[in-house]
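This briefing is for a reader new to the structure. It takes up one residue to begin with, then the chain as a whole, and then further residues by topic.

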Amino acid sequence: MKIWLPDSLYRAKPLILGLSGAILLYISKDMFTTGVAFLCLGYAGWIIVIRLMWSTADMIKTKTGSVNAGEQKTHYVNFPNGKHR
């Protein structure tokens, strides 16, 4: 969701969060700052994982759509020995 960031900063958000978390972790002297640093690093990692999952899902949808374009969408089920519920 990109409500508060322009497009260029939206794309760089995980990098900015990860770098700020790494810097905070490097300079931290207390547990609160270390906790905030780990939250920044975790959130940046989560954003990257979710974006990778979305990109591969879109790529799979696009590939499937282009392969099945123009084909009939009828599915057949074969029951063994004519038995079915």
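Ile-23 counts as exposed because its relative accessible area is 51%; exposed means over 50%, buried under 20%, and partly exposed in between, with a 1.4 Å probe and protein chains only. Ile-23 sits in helix α1, where a helix is a DSSP run of H or I with at least four residues, a strand is a run of E with at least two, and both are numbered from the N terminus. The model is predicted, so local features need pLDDT of at least 70 and side-chain atom pairs count only at pLDDT 80 or more, while totals for chains, interfaces and linings use all residues. Residues are numbered from 1 along each chain as its sequence is written, and side-chain values use heavy atoms, with hydrogens and water left out.

**The chain as a whole**

- The chain has 2 helices and 0 strands.
- Of its 85 residues, 16% are buried.
- Among contacts (heavy atoms within 4.5 Å) with a separation of 6 or more, 39% join residues 24 or more positions apart.

- Helix α1 covers residues 7–27 and includes Leu-15.
- Leu-15 is exposed because its relative accessibility is 56%.
- Leu-15, Leu-19, Ile-23, Tyr-26 and Ile-27 make a nonpolar surface patch of about 600 Å².
- Patches are made of residues with over 30% relative accessible area and no salt bridge, joining like charges within 9 Å and nonpolar side chains (Val, Leu, Ile, Met, Phe, Trp, Tyr) within 5 Å.
- A salt bridge is a side-chain nitrogen of Lys or Arg within 4 Å of a carboxyl oxygen of Asp or Glu.
- Ile-23 and Ala-37 are 14 residues apart along the chain, and their C-alpha atoms are separated by 7.9 Å.

**Helix α2**

- Helix α2 covers residues 31–67 and includes Arg-51.
- Arg-51 is partly exposed because its relative accessibility is 22%.
- With neighbours within four places in sequence left aside, Arg-51 is in contact with Tyr-10, Arg-11, Lys-13 and Pro-14.
- Thr-34 also belongs to helix α2.
- Thr-34 counts as buried because its relative accessible area is 16%.
- Leaving out neighbours within four places in sequence, Thr-34 has contacts with Leu-25 and Ser-28.

Technical notes:
Accessible areas come from the Shrake-Rupley method with a 1.4 Å probe; for residues, only the protein chains shown count as cover.
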